[in-house]
Amino acid sequence: MNHYQPRAEDIGFILFDVLQAPATLAELPALADNADPDLMRQVLEEAGKFVGEVVAPLNRDGDEIGAQWKDGAVTMPPGFRDAYQAFWQAGWPALSGNPADGGQGLPTVLEMVLYEWLSAANHGWTMAPGLLHGAYDCIKHHASPELQARYLEKVATGEWLATMCLTEPHAGSDLGLARTKAVPQADGSYQISGTKIFISGGEHDLTDNIVHLVLARLPDSPPGPKGLSLFLVPKFYEDGRRSAAVCERIEEKMGLHGSPTCVMRFDEATGWLVGEVGKGLNAMFLMMNAARLHVALQGVGLLDAAWQKADAYARDRRQMRAPVRQNPAEAADFIIEHPAVQRLLDTQRAWVDAGRVLAYQTAIELDVAKHHPDAARRQQAQQWCALATPVLKSAWTDQAFLGASDCLQVFGGHGYVREWGIEQVVRDARVAMIYEGTNEIQAQDLLFRKVLPDGGAALRALLDALQADLAGRPSPASERACAGFDALRGLLAQFNGQPAQAQALYPVAGDFLRVVTLSLMAWAQARLASASGAPGAASAPAFERWVWPEHAMRLGMVAAALRG
């Protein structure tokens, strides 16, 4: 079984040739000094070495040995702690953090590439630091100065890891049903009591402390989401005492065995309010939105990992005779020469390439939204992120699982046994469709919160901007994208905002998200086609033949729902 190998040249092509990222980032005063292409390339090369040499080799043991629970303590798989200690001490978790908080002040897109690679190399290990940046943002923007003084730098640098304690056994994704209580104390602290489930990294031995961010409600708070507040509860206090945050057990899961998914019980654990009373979800959404983009890149990375394995196998394994023989003297041909295998592999390549273009553009827009001197440009960037994030999270985690299954098919029976490692990718990828808001929730978020309230105005503005971007890049790919934009605009014109129509759209929210996904992919493919020297030449024809036809089908399904 080969370990995943990051390919910095592929990423560099997208960042520098396709997206011209340094030019955009140079417009941002906070990042202008760190947008140098040579610096960015150096960071990518070193990140690739760390991922490929340190983290990737631990993936098999992480799956087979897994995290181990005993008497409330969790021992991580062999090598995990040493790798994490090397990770944070080398400064990798702090890539995009503010230098004043211990960060390095580098562009967000470099952090996103790093976590894409980490997820591809060892998804279980990467779950531990995956929430760090969101926790950092949450503490930085909402915690009191006293809490920031105690916890911000430790989280920013990754010296301490963090959790996001949201759901409860009876609640699932409906956080408004949460019952965990927070009782005010005379000293300004709170006693937190309740049980949280599905807490990634709730207990482990990777770091010396864990910072839990916990949703709870005060005794007199109203029911529902508006009654929730956010609290910080550490594993250990400053005086060395351990808090009453107890890991009752870890879940036995389909995959991600290297990541402890914990049931956490808080027994009057002392914690402190983060943000305002009753606005816990507002503070937590900062963390959740950052996490959703990370999850989208998990999808891209896992799909690339599956493709790498299947592509290498297809180039080495001989099986039967291909319709067009490359070497008639051989008794059998490499399976890469069989058209059905080519279709499976090239389709996944099209998804990986387009996903990277869109995800990296979103990461760039995140920095534009924070740092651009022009308010209108910041607003435009915020609109891009609001629309693109649910699309990326949903579509690319779907494809990570479905595409990894297709890649398993390339191996035939060998893919179903553990020797080759492809079945682990399939198992590990499945959960990303569920957490940080199920993909059905993402589709409803896009349609009912981002599109219908303004009659599709923000989405039309995005399509107009993408079409203007392609105006100077004439090609068949650009024509296809613009035709797709026109078809989507036609669909948006049928939305009337009436309650009856909204009811009709609920069953096809996922289909609408797919229409938007494919429209954005068409733009990404056009940008790829306009850049010379594209490394994935098979990506463009595969998108045109095997992916793009879905656009018309999904449009028809949504239009049919509108007609009733």
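User: Where does D71 lie?

Analyst: D71 is in the loop between β1 (68-70) and β2 (73-75). Strands here are DSSP runs of E with at least two residues, helices are runs of H or I with at least four, and both are numbered from the N terminus. Two words on the background: this is a predicted model, where local features need pLDDT of at least 70, side-chain atom pairs count only at pLDDT 80 or more, and totals for chains, interfaces and linings use all residues. Residues are numbered from 1 along each chain as its sequence is written, and side-chain values use heavy atoms, with hydrogens and water left out.

User: Why is D71 called exposed?

Analyst: Its relative accessible area is 69%. Exposed means over 50%, buried means under 20%, and partly exposed is in between (1.4 Å probe, protein chains only), so D71 counts as exposed. The backbone of D71 also has a phi near 50 degrees, a positive value in a residue other than glycine. Most residues other than glycine have a negative phi.

User: What is the phi of E436, and is E436 buried or exposed?

Analyst: E436 has a positive phi of about 60 degrees and is not a glycine. E436 lies in the loop between α13 and α14 (439-451). With 15% relative accessibility, E436 falls under the 20% limit, so the label is buried.

User: Why is the pair of F50 and F87 called tilted?

Analyst: Rings of Phe, Tyr and Trp (its six-membered ring) pair if their centres lie within 6.5 Å; planes under 30 degrees apart are stacked, over 60 edge-to-face, and the rest tilted. By this rule there are 16 aromatic pairs. The centres of F50 and F87 are 5.8 Å apart and their planes stand at 40 degrees, so this pair is tilted. The two residues are 37 apart in the chain, F50 in helix α3 (residues 37-55) and F87 in helix α5 (residues 80-89). Both are buried, F50 at 11% and F87 at 0% relative accessibility. Ring pairs also link F50 and F87 with Y84, W92 and W125 into a cluster.

User: What makes Y313 and W420 edge-to-face?

Analyst: Their planes are 80 degrees apart and their centres 5.0 Å apart, so the angle is over 60 and the distance within 6.5 Å. Y313 is in helix α10 (residues 280-314), while W420 is in the loop between α12 (375-410) and α13 (422-430), 107 residues apart. Y313 is buried at 8%, whereas W420 is partly exposed at 28%.

User: How do you know that the charged end of R150 sits over the ring of W272?

Analyst: The rule asks for NZ of Lys or CZ of Arg within 6 Å of the ring centre and within 35 degrees of the ring normal. R150 meets it over W272, 4.6 Å from the ring centre.

User: Why is helix α8 described as largely enclosed?

Analyst: Of the 11 residues of α8 (residues 132-142), 8 are buried, so the helix is largely enclosed by the rest of the structure. Among them are H133, Y136 and D137.

User: What is the volume of the largest cavity, and which residues are closest to its centre?

Analyst: A cavity is a set of points on a 1 Å grid over the protein atoms alone where a 1.4 Å probe fits but cannot get out, and lining residues have an atom within 4 Å of a point. The structure holds 4 cavities of 30 Å³ or more. The largest has a volume of about 140 Å³, the volume being the space filled by probe spheres set on the points, which are joined across faces, edges and corners. Of its 17 lining residues, N59, A120, A121, K309 and V425 are closest to the centre.

User: Which strand gives the largest share of the lining of the second largest cavity?

Analyst: Strand β3 (residues 161-165) does, with 3 residues. That cavity holds about 40 Å³ of space. In β3, 5 of its 5 residues are buried, with L161, T163 and C165 on one side and A162 and M164 on the other.

User: What makes β3 and β6 a strand pair?

Analyst: Two strands pair if DSSP finds at least two bridges between them. Here 5 bridges join β3 to β6 (residues 210-217), so they pair, and they run parallel. M164 stands opposite L213 in β6.

Key. On a 1 Å grid over the protein atoms alone, a cavity is a set of points where a 1.4 Å probe fits but cannot get out, and a pocket is an open set with protein on both sides within 12 Å along at least five of seven lines; lining residues have an atom within 4 Å of a point.
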